[in-house]
Structure formats: structure tokens, C-alpha cells
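Student: Before we look, could you show me how to read salt bridges in a model, going from the general idea to the particular case?

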Amino acid sequence: MAKKDLKWGEIGFGYIKTDYRFVSNFKNGEWDEGALTEDENISMIECAGVLQYSQSCFEGLKAYETEDGHIVAFRPDMNAERMMNTCKRLEMPPFPKERFVKAVIDTVAANEDWVPPYGSGATLYIRPFMFGSSAVIGVNPAEEYQFRIFTTPVGPYFKGGAKPITIRVSDFDRAAPRGTGNVKAGLNYAMSLHPIMIAHREGFAENLYLDAATRTRVEETGGANFLFITKDGTVVTPRSDSILPSVTRRSLMYVAEHYLGLKTEERPVYFDEVQDFAECGLCGTAAVISPVGKINDHGHEICFPSGMEKMGPVIQKLYDTLTGIQMGRIEAPEGWIQVIK
Ligand SMILES: *Cc1c(COP(=O)(O)O)cnc(C)c1O
């Protein structure tokens, strides 16, 4: 066994077929044992619940090589729990947490040669997902489901340093109060494609979504949670029932408090107060933190004092500490690092 011969520093964020994926089917009220397979294709009936009424959900996490040569995954138990919550909201059968974690371990171990080497900046992206696979025509949950995990190597998120991005306030809403914004359903992404394409065409990296009810509070972007830093160094993240609870954001809030001794607040954040913050970042598995330099609100620009050249100092410290924990350079809190090999 030997590492694949890829230009790790140059691959992007796209699908590259790896050797094995995990598949388990739910039928007659229970999940089967599941197995690894080499077949990347799925064959299903044209009337499948996922194809008709979008009954699908997913997760995303990463495996990578640490400084001392282990292959690890970051907090897969958190993804397992979040997917169980998503399943409940979508009337899908939760895949048990211990089995989820074991399936992640087995899938990554089987694709060991695809785990990018330490220091390359690349990682092995892990995509667990589930969908309704049996025929549904009257509006009902499917009776059968498939749970799968595939992996794909992804390149460094920031090539040549993390440059702050410019985002804009969207005229579309991401999630309704009491809707599905707090679960990782594929449908939340389907409806975000139109707003993100418009944003990109107009030169913005992401959309900032406001709360749908009052359009006065900051929620999140299409796929990342906000962190703001006040001028006196407090880390603030918006609280709302329609925000997807990012594992990265929750980890960063812990790091802020317990590793960096910073004050943290999870509370409603009004758009009106955003101009008073010193730094802003977007957090998610893909980038850990993307610094935001500027927010455009219908032509009015909010420019953070951290500027457009580099991450602000507090965001940089958070980024360095969490990536240090992930890569094994800084001791992790109990249970954060799942050793695979
Ligand atoms: C997945 C996701 C995130 C980021 O969550 P992580 O667990 O940190 O990767 C943030 N917002 C939305 C809408 C998401 O779907």
C-alpha cells in the first residue's frame, strides 16, 4: 500500500473517486449490517422518495494525517448526532451514532492511500448521506432508505494564504422560522443555488442571510456560520433556531473560551451592530474559518478594521489553535480526535 500519486497541493474541491464507500440499506424497519463496496453508482427506482420529494440529508467532515503520522477524523460523533437530528425532522430512520462513527472509520481506513500527507494542506473529505430509496408517489416518507459514506481528497482551501472575502446581504431568505434551517437537508442547498449564482455573477463570494421573519438579525451564509469579534476581543456568534449548528463553530467557541481565555457570546446579532465589530469570519469544515473583509448591503459597504489583506488577529489565533488541535500539534480536548490508524 502506498499513497496515491496526486499533486496534493493542486487538487481542488471536487469529486475524485476513491476505492471504497460504505453502504447500508434500511428495509422492513431496520438497517442491515452494511458493507464497503467499490461501486460508486446507485441504481434505484424512478419513483424513489429522494427523486420525487427530496427526502435526503448529508454530513461533511474530514480525515487527515497528523504531525506524528496518524490518520484521524475530527469529531465524527458530532456529525453522527447532527445527522440523527436531521433524520428525525425529515421522517428518516436515524443511523445509530456508534455505527456511523464505525462506518466513518472503516471507510477512511479502506481508502488510507487517499489520505493526503501531513503538511500538504489537502485532506480527505468524508461525505455521509442518506436518502429515501423506495417508491413514493402520495406525499409520504419512503419505507426504504440508503445510508452511504464516500470520501474524496480535497485540496488546500486557501492557496497562497487566506485572503478576506467580500460577501453581500441577500434579498432571498435561507430558512424560515420553525423551518428546516437547523438541519442538514439537501433541500436547503437546492434553494440556495439561485441566490449564490446571482451573488457570484455580481462579484460576491457568499450571501449573508438575515432572519426571514424580521430581516433585522444575522443568520448565516449558505453553508457557514458567522463569528464576529468585538473591538474588546469578545467572540460573538449569532443565536437562532434556523441556523445549522456548525461543528466547526461550536469547536471554535470552545477554543476561544478554554484555550485562548476569550469571552464568548451566543446571542441574537442585529445587522445594525455588525458595523461595530472588529473582525468577521465564516466557519465550516471546508475552510475552518474564512475571513470576511467587507459586507455589501445594497451598495452600502461595511469594511471591517481587519482589512482585505489578511485575517484579523483574533480570527487568526482561533484558526491557528483549532488547526493545531486538528493536526496534532496542540493537545485536543477529550474525544475530539478520532484515531483511525
Ligand atoms: C454544514 C453547514 C455548516 C458548517 O458546519 P460544519 O459542521 O462546521 O461543517 C454551516 N452552515 C450550513 C448551512 C451547513 O449546511
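Student: Which residue meets arginine 168 in a salt bridge?

Tutor: A salt bridge is a side-chain nitrogen of Lys or Arg within 4 Å of a carboxyl oxygen of Asp or Glu; here the side chain of arginine 168 meets that of glutamate 202, at 3.1 Å from N to O. The pair links distant parts of the chain, 34 residues apart, with arginine 168 in strand β9 (residues 165-169) and glutamate 202 in the loop between α5 (193-201) and β10 (206-208), where helices (H or I, at least four residues) and strands (E, at least two) are DSSP runs numbered from the N terminus. This is a predicted model, in which local features need pLDDT of at least 70 and side-chain atom pairs count only at pLDDT 80 or more, while totals for chains, interfaces and linings use all residues. Residues are numbered from 1 along each chain as its sequence is written, and side-chain values use heavy atoms, with hydrogens and water left out.

Student: Is arginine 168 buried or exposed?

Tutor: Buried means under 20% relative accessible area, exposed over 50%, and partly exposed in between (1.4 Å probe, protein chains only); arginine 168, at 14%, is therefore buried, whereas glutamate 202, at 49%, is partly exposed.

Student: What does glutamate 220 form with arginine 174?

Tutor: Glutamate 220 and arginine 174 form a salt bridge, their closest N and O atoms being 2.8 Å apart. Glutamate 220 lies in the loop between β10 and β11 (225-229) and arginine 174 in the loop between β9 and α4 (186-190), so the pair ties together parts 46 residues apart in sequence. Both residues, glutamate 220 and arginine 174, are buried.
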